[in-house]
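Please look at the sequence and the structure before reading on.

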Number of protein chains: 2
Amino acid sequence: MSSRSQAIADILTRAILDRRLVPGCKLGERELSEIFNVSRIVIRQALIRVADDGLAQIERNRGAFVARPSMQDAMEIYDALTLVEQGVAAQLMDRLGPAGWAELRQHVERQRQAVASGNHALADVLGAEFHTVFVRLSRNKVMQEMHAQLVRRTTLLRALITADFDYCNLLDDHARLIELLEKGRLKQAMDMIDAHHRQVVRGYIMDRQVFPELTPREALEPYLLNAGQTPEIQTKNKTGEKGRTGVHTHVHAAK
Amino acid sequence: MSSRSQAIADILTRAILDRRLVPGCKLGERELSEIFNVSRIVIRQALIRVADDGLAQIERNRGAFVARPSMQDAMEIYDALTLVEQGVAAQLMDRLGPAGWAELRQHVERQRQAVASGNHALADVLGAEFHTVFVRLSRNKVMQEMHAQLVRRTTLLRALITADFDYCNLLDDHARLIELLEKGRLKQAMDMIDAHHRQVVRGYIMDRQVFPELTPREALEPYLLNAGQTPEIQTKNKTGEKGRTGVHTHVHAAK
DNA sequence: TTTCATTGATTGATATCCAATCCTGTGTTT
DNA sequence: AAACACAGGATTGGATATCAATCAATGAAA
């Protein structure tokens, strides 16, 4: 197993992507160290990792906060995502074998079945996963990691916008993309990817107020099930928190 | 000013890219902490940053080493770089204004003058910088950072290969790329980028033995000029290193 | 009411200590 | 002599306590 700071960074990442830790939420070292029952140093290392991934930002002498990407950031992220997926599409058109196309079609089919059976949660996951599978078929780990990071950041964006529609569930887009690529119509496929993402960005309204839904402790509790072996700490916290538990703004105010 | 660990990570990165710290070189925490005169924890945080960037790898309970990318890694990195630069080329063809084209041409011209005046060092830097300028003109910070990371990794690769030719100095390629893009010949431009990179990878011979050219202390000394204020530590090290200074393999043996 | 100063809290960083793990050298056994 | 086992050293991963620097918020003074 890797280091504990990596494990904690993974949990924080999950919590952010699950929108349990919302953009602007303060990630205090002491608070997190008490939650995970580790020292502040491990937390710092975890925060460095999360910040390097673009999901948090560290301000000197102020602390770490869940990232609040701007509209400009959103456009840049989607532009980059478009670029990567278009490039992968071009590569796959040349290099992908029958087994690969079959896997893609099978994935879409599974999602179709999920939609048909009313399992919207699964359909959502499969819809988002399509892009990941798509890139994985390029058999390029470097590109996979780059793409995955971009996807994580788009997922974070979805905490800041009013999502009118589930863009990932556009089954038709995915199915048509496969069809176009197999027929060698690269230009049309790339335009579709571009339109796909442009449509999403156009729907963005980023002035939505983000307010604290959960405290970090509440947000992170579900991820600690396996490692929770110190109720003593929790009681200690309850008794030791004194008066500062009252009103706690967990949202980083815009400057 | 950012944190100390970030500054040290930057220095380590520079030293790796300058090939003063060669692939496989062990980056011991204690040794680095003595070199930079900081605590081991700061070094750990710096190493995490460098490793996240792909220039080092951390093995649990064994320590950090300068990354030794495989031939497979090299191909994937260049594939990704090709993909990104092709995508940027396509974007620039649509969106770049006259000022942008002028900047590109001016950059090539400056490199041409450097070559003409025999300043090969400057020509090298400008040649490598061309790709960076190219991507910067996309005005997409996300993509810029992604591209910069890929470039750093290719730079690391050059420590592992026998560089028969200076691929970045192919002035003609750069000039022709601009010309093609301005004329709207996207397909040809993209093929040129692909050929450019493919040519480089084909020239790679990665079974070159990497042997320790410098100890970390020697490698990092030039970067410490501004912050060097503790000769006391150095003398203490000299007297305190005892017998383990003898033969020290700085190269991580291949498994 | 505005400005300034003090105080409290948090971060950045150090030093020291301990446990776990890896590497190595030595000694023993076959 | 070769293979194995074991013990010790060295290094990493981590905890804890402590201190300085900085930010934020409160309260006092003009």
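## Basis of the model

The model is predicted: local features need pLDDT of at least 70, side-chain atom pairs count only at pLDDT 80 or more, and totals for chains, interfaces and linings use all residues. Residues are numbered from 1 along each chain as its sequence is written, chains are lettered from A and ligands numbered from 1 in the order in which they are written, and side-chain values use heavy atoms, without hydrogens and water.

## Relation of the two chains

Chain A is superposed on chain B by a rotation of 180° with 0.0 Å of shift along the axis, at an RMSD of 0.1 Å. That is the relation of a two-fold axis. The superposition is by least squares on the C-alpha atoms of residues with pLDDT of at least 70 in both copies. Within chain A, the residue that comes closest to the rotation axis is Gln45(A), at 3.1 Å (C-alpha).

## The interface between chains A and B

Chain A and chain B each bring 30 residues to the contact, where contact means heavy atoms within 4.5 Å. Because 100% of the interface residues of chain A are also interface residues in chain B, the copies meet through the same surface.

The size of an interface is often given as the accessible area lost when the parts come together. Here the buried area (accessible area lost, 1.4 Å probe, summed over both parts) is about 2500 Å², and carbon and sulfur atoms give 58% of this area. On the side of chain A, Glu76(A), Leu83(A) and Val142(A) lose the most area to chain B, together 23% of what that side buries.

Two salt bridges cross the interface; the term requires a side-chain nitrogen of Lys or Arg within 4 Å of a carboxyl oxygen of Asp or Glu. Arg95(A) forms a salt bridge with Asp79(B), with the closest N and O atoms 3.1 Å apart.

## Contact with DNA strand C

DNA strand C is surrounded by 16 residues, and the closest are Arg40(A), Arg4(B), Ser39(B), Val42(B) and Asn61(B).

Asn61(B) places a polar side-chain atom 3.5 Å from a sugar or linking oxygen of DNA strand C.

Methods:
Buried area = accessible area lost by both parts, 1.4 Å probe. Near = heavy atom within 4 Å. Polar contact = N/O pair within 3.5 Å; in protein donor to acceptor, adjacent residues only side chain to side chain.
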